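Student: I'd like to learn how to read the inside of a protein model. Where do we start?

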Amino acid sequence: MKAAPAIIDVGYVPVGVALGEEALWVVTTAERALRIEPHTNTATTEVPIGYPVALTTGKQAVWVSDSRGQVWRINPDTATVSQTTPVGRGLVGLCATDGVVFAANNADGTVVEIDAQDGQVVRVVPVGHAPTDVASSDGIVWVSIQSESAM
């Protein structure tokens with residue numbers, strides 16, 4: 001039997017949603033990351049962050065990129081920001097996989113690779129014109145790039 005859909009009022013315009021190991025996470029225009037408990041469909045925690053543009057979850061972390069060029073690491077157990085990594089303005093896409101976080105930077109045409117443990121930038125990879133998002137699976141990183149003719 002399928003569960004009935006739930007409508008959860010997060011109070012502000014949601015910008016992104018990601019399913020973590022134990023909870024659903026939503027970032028909003030109110031500069032907050034909200035932890036939603038899936039069994040009760042209620043927001044139990046608000047974490048103040050910068051103005052979010054992307055959200056992803058990884059092993060034991062929630063990652064949020066903001067409009068000021070920071071990537072925030074949130075500890076989902078304590079609901080606190082455990083680190084921030086400056087990577088440059090223009091962040092649009094974010095994904096976490098295998099101890100690495102990838103951030104697509106639309107402004108400079110790069111994907112930034114961040115070590116998930118220490119938050120250090122490992123490398124910056126030029127990918128061409130205007131990446132719009134990034135995903136990873138089985139060790140392969142996929143990047144969507146906006147065509148120059150679409151500008």
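Tutor: With a definition: a nonpolar core is a set of buried Ala, Val, Leu, Ile, Met, Phe, Trp, Tyr and Cys residues joined through side-chain atoms within 4.5 Å. Buried means under 20% relative accessible area, with exposed over 50% and partly exposed in between (1.4 Å probe, protein chains only). A word on the source: this is a predicted model, where local features need pLDDT of at least 70, side-chain atom pairs count only at pLDDT 80 or more, and totals for chains, interfaces and linings use all residues. Residues are numbered from 1 along each chain as its sequence is written, and side-chain values use heavy atoms, leaving out hydrogens and water.

Student: Which residues touch the most other members of the largest nonpolar core?

Tutor: Out of 13 residues, they are Trp25, Ala33, Val47, Ile49, Leu55, Val64 and Ile74. Another core, of 12 residues, lies apart from it and includes Trp63 and Ile114.

Student: What does Ile49 touch?

Tutor: Contact means heavy atoms within 4.5 Å. Skipping residues up to four places away in sequence, Ile49 touches Val27, Glu31, Arg32, Ala33, Val64, Trp72, Ile74 and Val81.

Student: And how do I read a sheet?

Tutor: Strands of a sheet pair through backbone hydrogen bonds, either parallel or antiparallel. Strands (E, at least two residues) are DSSP runs, numbered from the N terminus, and two of them pair if DSSP finds at least two bridges between them. Here, four strands form an open sheet in the order E5-E6-E7-E8, with antiparallel pairing. E5 and E8 (80-86) each have a single partner strand, so one side of each has no neighbour in the sheet.

Student: Is Thr56 buried or exposed?

Tutor: Buried, at 11% relative accessible area; Thr56 sits in strand E5 (residues 52-58).
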